[in-house]
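Please look at the sequence and the structure first.

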Amino acid sequence: MLKIFSIAAVFSGCAALGVMSSKRLGNRMKTLEGIRSFIRRLEIEMRYAGLPVAEAMRSAGEKTAGAARELFEGVADDLQNNSGEAIGGIFGKRLESMRKNRDIYGALTDRDAQMLVDFSKNLGSSDWASQKNNFEHTQKLLEEEITAAKEAFGKKSKMFRTLGVLGGLLLAVLLL
Amino acid sequence: MKKELPSHARWEEDVIPLLPVRFRPWVEALPAGVKEGLEEIRVRVGKPVSLICGGEAGYLGEGKMQGAAEGALEATADDCQALFLNVTEHSAYAYDNELKSGYITLRGGYRVGIAGRTVQDNGSWRLINCTFYNIRINRQVIGAADNVIPRLLDEDGLVCNTLIVSPPGMGKTTMLRDIARQLGSGAAGKPLKVCVADERSEIAGCKNGIPQNDVGLTTDVLDGCPKADGIMMILRAMSPDVIITDELGRKEDADAIREAVNAGVRIIASAHGNSVDELEMRPAMRQMMREGIFRRVVILGASMGRGTVEYILDGHTGEKLVSAAFKCSG
């Protein structure tokens, strides 16, 4: 009886691991897309409404759904504390905390995180011409990462799920 | 009656949170008397933070304003960076024009003058390393023009074109602000359509176009626009009775003033100087004085403390209408 339970547990564990790996790929794609659309909105609020960064983040948050809102509104809260810390530092801490505590952010790679921190380091700190370059550059990088994330999801998502199930089956057979 | 608006009594609330974190307990710990009279906080990289209080200079010490630099709080480059981030709300792009002009207006109408390294950018100068700051804690003094307003009206009760003259820091802007408030609230018998051309946001202290100072019930403000252009815009758009503006000096200013006066609008303006003789040394001012544009010239000084009206001249005859010095407010 115990053996049957063990085999079932091993099979379920492997299958779940495959599903989770697959979901992680999907989460990365969704998170990057959410951030891209938030950053587009943020640019509009900063450029056309002329709002300071924190207000622009809040205003963009009101008009944008998704997890990016939580990240940027958290940054806006920290900015309004006037700690004197630059946006790059504030943003980096918030992002790391969310990567640890939220699955959807945990799916981001270190490379994704570094790209976003680099974006935040230049955010607000210069005249509009430089800000425009920062937005354009980041949007371009995001597009590339989203394309790569979509490809990875298309290629690997099904494979991870299948590998999980098959790996579970293999282990189950070996345990029999 | 002399009293201060609550918004200015609350400078600590508006200004202290914008200071570098390290500075805040030092400023908070200053004696009430110093905080009451504080006029400027000056921050320079590698130098002790200095204060101007009641016209006296000193340094920010632990729980006190002190005469000696030793033991005073010294500002670091990080402090200056933090101050810059806080006063610009981490948004230099949103303060581009202000940075080109060298100052930023804070909520509450307080101004932060900024200096440092500049570079040329499309014909104007842009600050790139901001390492010197002058946080000016201006206070609105309600009633500052009480004793002057009756002398600015002619025999028919109409406002005379007036020039207020003094060296910096003697209360020109405070007086202009109170004149705007009073004329815009009926001090000349009925509320006049007063328009303030506030190039440096000093008179009304606008933040996002909203005056942070009380400038009257029927007063409109054109904020941040160069005076000469601003006066023309006001003339075309706002049908003013009176235009109030600060710090005349350039030829374009004089041309705009002439346009306004010829259009039947009354002007109340200020200029830097100690006396009419000093004004005469500046070509644009000399021309205006000779043309008799200003019917009243109010000279401010410090013989009885800052904001003393030293004398008032009839701009046409040169005769002193009031020769004994008196304090502006009652």
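**Chain B at a glance**

In chain B, 61% of the contacts with a separation of 6 or more are between residues 24 or more positions apart; two residues are in contact if their C-beta atoms, placed from the backbone, lie within 7 Å. This is a predicted model, in which local features need pLDDT of at least 70, side-chain atom pairs count only at pLDDT 80 or more, and totals for chains, interfaces and linings use all residues. Residues are numbered from 1 along each chain as its sequence is written, while chains are lettered from A and ligands numbered from 1 in the order in which they are written.

**Overall build**

- Chain B has 11 helices and 18 strands; helices (H or I, at least four residues) and strands (E, at least two) are DSSP runs, numbered from the N terminus.
- With a radius of gyration of 20 Å, close to the 20 Å from the globule rule for 330 residues, chain B is as compact as a globular protein of that length. The radius is taken over C-alpha atoms, and the rule is 2.2 Å times the number of residues to the power 0.38.
- A box of roughly 60 × 45 × 40 Å, taken along the principal axes, holds the C-alpha atoms of chain B.
- Of the 330 residues of chain B, 48% count as buried. A residue is buried if 20 or more other C-beta atoms lie within 10 Å of its own, exposed if 12 or fewer, and partly exposed in between, with C-beta atoms placed from the backbone.

**Domains of chain B**

- Chain B is divided into domain 1 (3-136) and domain 2 (141-327); the bounds come from an automatic or database domain assignment.
- The centres of domain 1 and domain 2 of chain B, taken over C-alpha atoms, are 28 Å apart.
- Between them, 12 residues of domain 1 of chain B are in contact with 12 residues of domain 2 of chain B.
- On the domain 1 side of this contact, the elements that give two or more residues are β1 (3-4) and β6 of chain B.

**Tyr103(B)**

- Tyr103(B) lies in strand β6 (residues 103-105) of chain B.
- Tyr103(B) is buried because 20 other C-beta atoms lie within 10 Å.
- Apart from neighbours within four places in sequence, Tyr103(B) is in contact with Glu98(B), Arg111(B), Val112(B), Gly113(B), Ile114(B) and Arg200(B).
- Ala115(B) is 12 residues from Tyr103(B) along the chain, and their C-alpha atoms are separated by 8.6 Å.

**Helix α7**

- Helix α7 (residues 172-183) of chain B has 12 residues and reaches 16 Å from its first C-alpha to its last, close to the 16 Å expected at 1.5 Å a residue. The expected span is 1.5 Å times one less than the number of residues.
- α7(B) is mostly covered, with 12 of its 12 residues buried.

**Contact with chain A**

- The contact takes 14 residues from chain B and 17 residues from chain A.
- Helix α5 (residues 77-87) of chain B gives the most to the chain B side, with three residues.

**Confidence**

- Chain B averages a pLDDT of 89, and 96% of the residues score at least 70; pLDDT is the predictor's confidence in each residue, from 0 to 100.
- Among the elements of chain B, helix α1 (residues 6-9) has the lowest mean pLDDT (44) and strand β13 (residues 242-245) the highest (97).
- Over residues 1-8 of chain B the pLDDT is below 50.
- Where pLDDT is low, the predicted coordinates should not be read in detail.
- The predictor gives the complex an ipTM of 0.78 and a pTM of 0.76.
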